[in-house]
Amino acid sequence: MTVHRVLIGVGSNIEREYHTRQAYQLLNQHFTNVRVSSVYDCPAVGFDGPGFYNWVASVETTLNLLETYHLFKQIEAQFGRKNWHKTPCSRTMDLDLLCFDDQVCNTPVVLPRPEMLERAFVLRPLAELIPGERHPLTGNTYESHWQQFDHASQPIQPIAFEWSSSQA
């Protein structure tokens, strides 16, 4: 079986601490070799709403691209996500497929995800987690993309986050 490496952008701005932990637990249930960035406190982008907790995960899977995409949609639906194609809004759990190996495609999802180089809440965690790896289209490292990014345009703040809750 072929093992694929998947990069995932994860976010929540509804009960964000709870849903961040839930997403982490689910990624560990469904995937192997789960590595995560720091969690960042980020303002909502594209709409007025509460701030998000955002982070990036690198995982491995034997699922193919379509199976992985459908699993993400199933998990999001399990946590109340209904309208994936509507305008930006608050959400309990957002799982964005950023890269699947180094695949470039337009279906079932556009890969690599185009806005990953335009959003601080994705690019900063990528530069932290995999600084020397190269974007499949630009060939530049995530660290170099972050260094060239206008940091003042989208302020984000890393937070101390405990992945397990003492209240569990």
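What should the 15 residues of helix α1 (residues 16–30) span, at 1.5 Å a residue? They should span 21 Å, and the end C-alpha atoms are 21 Å apart, which agrees. The expected span here is 1.5 Å times one less than the number of residues in the helix.

A word on the source. This is a predicted model, where local features need pLDDT of at least 70 and side-chain atom pairs count only at pLDDT 80 or more, while totals for chains, interfaces and linings use all residues. Residues are numbered from 1 along each chain as its sequence is written, and side-chain values use heavy atoms, with hydrogens and water left out.

Helices (H or I, at least four residues) and strands (E, at least two) are DSSP runs, numbered from the N terminus.

Next, G80. This residue sits in the loop between α2 (65–78) and β5 (94–100). G80 is partly exposed, at a relative accessible area of 46%; that class runs between the buried limit and 50%, over which a residue is exposed. From G80 to C99 is 19 residues along the chain, and their C-alpha atoms are separated by 24 Å.

C99 is also one of the residues that line the largest cavity, with R5, L7, D101, D102, E133, R134, P136 and Y142.

Methods. On a 1 Å grid over the protein atoms alone, a cavity is a set of points where a 1.4 Å probe fits but cannot get out, and a pocket is an open set with protein on both sides within 12 Å along at least five of seven lines; lining residues have an atom within 4 Å of a point. Buried means under 20% relative accessible area, exposed over 50%, partly exposed in between (1.4 Å probe, protein chains only).
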